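Morning, everyone. Here is the structure I want to walk you through today. Please take a look before I start.

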Amino acid sequence: GLNTIDERHEAVPKTLVTQVGEQHTIELPDGSWITLNTATQVHFSADDQERTLELTQGEVFLDVAKDPDHPFRVKTSAGTILVTGTAFSVYLKNPQSLEVVVEEGEVEVTPVYPGLPLLAPGQGSARTPAATVAVRPGSRAFLIEGTANLESLTASEIKTALSWRDGLVMFTGEPLEEVVQHVGRYTDIDISISD
């Protein structure tokens, strides 16, 4: 039968968690699909106005069901992503640092400014308020401490960035320290580099 909006929303809110080394794909009550990478925690809720996914830890890939009347927002401690209908990944590296890779569609990313007096008295603008950045396919947005930077990706770089969905971790020329840190997300084994 047809889902009314009430039926569709009665199963939420919903909290999903993966442990270290686990990945999990699930359909959200609104028909969107989410894949949780290792050591990830999200909370999904929906009301008459919008759908909200809070990412408190880790990395997700989302294939968002198009529903123009109910915008889909991903909220993190580092910034918010507004979606109409698209496929993209979000990785909360740490509370102030966020990475967004868009495979299809477009998202708007707004950084959160940590503990910020917007204007110090008697000074020029110390920091401008959070600027919203549009991220399109073939782009990656980095949010670090309230600043958003866009970077273009080739098709193979996008494939590398999203390879975790296929159970792969791919690298191209990253420093060994970064590689070890990244691999460490998937295992409880402690890896250290002596030099």
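**Salt bridges and surroundings**

Let's start with Arg73. Its relative accessible area is 26%, so Arg73 is partly exposed; buried means under 20% relative accessible area, exposed over 50%, and partly exposed in between, with a 1.4 Å probe and protein chains only.

A word on the source. This is a predicted model, where local features need pLDDT of at least 70, side-chain atom pairs count only at pLDDT 80 or more, and totals for chains, interfaces and linings use all residues. Residues are numbered from 1 along each chain as its sequence is written, and side-chain values use heavy atoms, leaving out hydrogens and water.

Back to Arg73. Which residue does Arg73 meet in a salt bridge? The partner is Glu50, at 2.7 Å from N to O. A salt bridge here is a side-chain nitrogen of Lys or Arg within 4 Å of a carboxyl oxygen of Asp or Glu. Arg73 sits in strand 6 (residues 72–75) and Glu50 in the loop between strand 4 and strand 5, so the pair ties together parts 23 residues apart in sequence. Helices (H or I, at least four residues) and strands (E, at least two) are DSSP runs, numbered from the N terminus. Glu50 counts as buried because its relative accessibility is 18%.

Why can such pairs form? Side chains of opposite charge can pair when their charged atoms come close.

The whole structure has 8 salt bridges. Another one joins the side chains of Asp30 and Arg51, at 2.5 Å from N to O. This pair links distant parts of the chain, 21 residues apart: Asp30 is in the loop between strand 2 (24–27) and strand 3, and Arg51 is in strand 5 (residues 51–63). Are these two buried or exposed? Asp30 is buried, at 8% relative accessible area. Arg51 is buried too, at 0%.

Next, Arg140 and Glu151. Their side chains meet in a salt bridge of 2.9 Å, N to O. Arg140 is in strand 12 and Glu151 in strand 13, 11 residues apart. Arg140 is buried at 17%, while Glu151 is partly exposed at 30%.

Now Thr35, in strand 3 (residues 33–36). Thr35 counts as buried because its relative accessibility is 12%. Its side chain makes a polar contact of 3.0 Å with that of Thr25. A polar contact is a pair of N or O atoms within 3.5 Å; within protein, one must be able to donate a hydrogen and the other to accept it, and residues adjacent in sequence count only if both atoms are side-chain atoms. Beyond four places in sequence, the contacts of Thr35 (heavy atoms within 4.5 Å) include Glu59, Phe61 and Trp164.

Two loop residues have positive phi without being glycine. Ala39 has a phi of about 50 degrees and is in the loop between strand 3 and strand 4 (41–46). Glu145 has a phi near 45 degrees and is in the loop between strand 12 (139–144) and strand 13 (147–152).

Last, confidence. The chain averages a pLDDT of 83, and 83% of the residues score at least 70; pLDDT is the predictor's confidence in each residue, from 0 to 100. Over residues 1–10 it is below 50. Residues 117–127 also stay under 50. Where pLDDT is low, the predicted coordinates should not be read in detail.
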